[in-house]
Amino acid sequence: REEHEGADQYYQYCTAFPVGTVMAQTWNRDLMQRFGEAVALEMEAFHVNLWLAPGLNIHRNPLCGRNFEYYSEDGVLGGYIGAAEINGAATKGVYAYLKHFALNDQEINTREMLCTWTTEQAMREIYLKPFELAIKNFEGTSIGVMVAFNFVGTTWVGASKPLMTEVLRDEWGFRGAAITDYFG
């Protein structure tokens, strides 16, 4: 940390790690485990143990404003890469919040009742798959989920009992905290 003259704040300089898409292109879970550990060590230096990452949505739409943060068009690849990262971070005591659950594929008008339409089969086989795999392959003690702004159909994701309770908790066994992405 460095204190600047006349400023009441501290500036933290950190490593510019590659974006999720580049990391997924390695197809290397061991490397991603080490990446998670490296992130956690840097967070420890700043006395932070809550990681609002990784982003596990797929590249559903080429115009998504978060595609740099998400791994791939392939939900299975994203799930295993994400699980490796969060497992690595967890070994150093970092609590990861997987985001943005679920079907986040647009940044414009996300807070204006953005309704996402799909079928249950497509959700389960493609869009929810990285979240499912990361949660089921998590080896640490604590993990969280950050809920997206969008609606699935006409129900906000965070208020969807089928997604938040029946799938996330009952089917996948998720026992962590689910937080909003500052949705009001």
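This is a predicted model: local features need pLDDT of at least 70, side-chain atom pairs count only at pLDDT 80 or more; totals for chains, interfaces and linings use all residues.
Visitor: How are two packed helices described?

Guide: The description uses the angle between their axes and the distance between the axes. For α4 and α5 (residues 129–136), the axes come within 5 Å and cross at roughly 50°.

Visitor: Which residues line the second largest pocket?

Guide: Its lining includes E120, M123 and R124, together with S160, P162 and L163. Two elements, α4 (120–127) and α6 (161–171), each give at least two residues to this lining. The largest share, 5 residues, comes from α6. The volume of this second largest pocket is about 190 Å³, and its lining has 6 nonpolar, 2 polar and 4 charged residues.

Visitor: Why does S160 count as buried?

Guide: Its relative accessibility is 10%. Buried means under 20%, so S160 counts as buried. S160 sits in the loop between β8 (155–156) and α6. Leaving aside residues up to four places away in sequence, S160 touches T155 and T165.

Visitor: What is the volume of the largest pocket, and which residues lie nearest its centre?

Guide: The largest pocket holds about 500 Å³ of space. Of its 24 lining residues, F17, F35, V39, W51 and A53 lie nearest the centre. Two or more residues of the lining come from each of α1 (20–24) and α2 (29–45), and α2 gives the largest share, 4 residues. By class, the lining has 16 nonpolar, 4 polar and 4 charged residues.

Visitor: Which bond joins A53 and P54?

Guide: A cis peptide bond joins them, with omega at about 0°. P54 is placed in the loop between β3 (50–51) and α3 (75–90). Another cis peptide bond joins F101 and A102, with omega at about 5°. A102 is part of the loop between β4 (95–101) and β5 (115–116).

Visitor: Why do such bonds deserve a mention?

Guide: Most peptide bonds are trans, and most residues other than glycine have a negative phi.

Visitor: What is the phi of H47?

Guide: Phi of H47 is near 60°, a positive value in a residue other than glycine. L103 also has a positive value, with phi near 65°.

Visitor: How do you know whether H47 is buried or exposed?

Guide: Relative accessibility decides this: exposed means over 50%. H47 has a value of 67% and therefore counts as exposed. H47 is found in the loop between α2 and β3.

Visitor: Does L103 count as buried or exposed, and what value shows this?

Guide: The relative accessibility of L103 is 2%. That lies under 20%, so L103 counts as buried. L103 lies in the loop between β4 and β5.

How values were computed. Residues are numbered from 1 along each chain as its sequence is written. Side-chain values use heavy atoms; hydrogens and water are left out. On a 1 Å grid over the protein atoms alone, a cavity is a set of points where a 1.4 Å probe fits but cannot get out, and a pocket is an open set with protein on both sides within 12 Å along at least five of seven lines; lining residues have an atom within 4 Å of a point. Grid points are joined across faces, edges and corners, and a volume is the space filled by probe spheres set on the points. Ala, Val, Leu, Ile, Met, Phe, Trp, Tyr, Cys and Pro count as nonpolar, Asp, Glu, Lys and Arg as charged, and the others, Gly among them, as polar. Buried means under 20% relative accessible area, exposed over 50%, partly exposed in between (1.4 Å probe, protein chains only). Contact means heavy atoms within 4.5 Å. Axes are lines fitted to C-alpha atoms, for helices over the stretch in contact, and angles run from 0 to 180 degrees between N-to-C directions.
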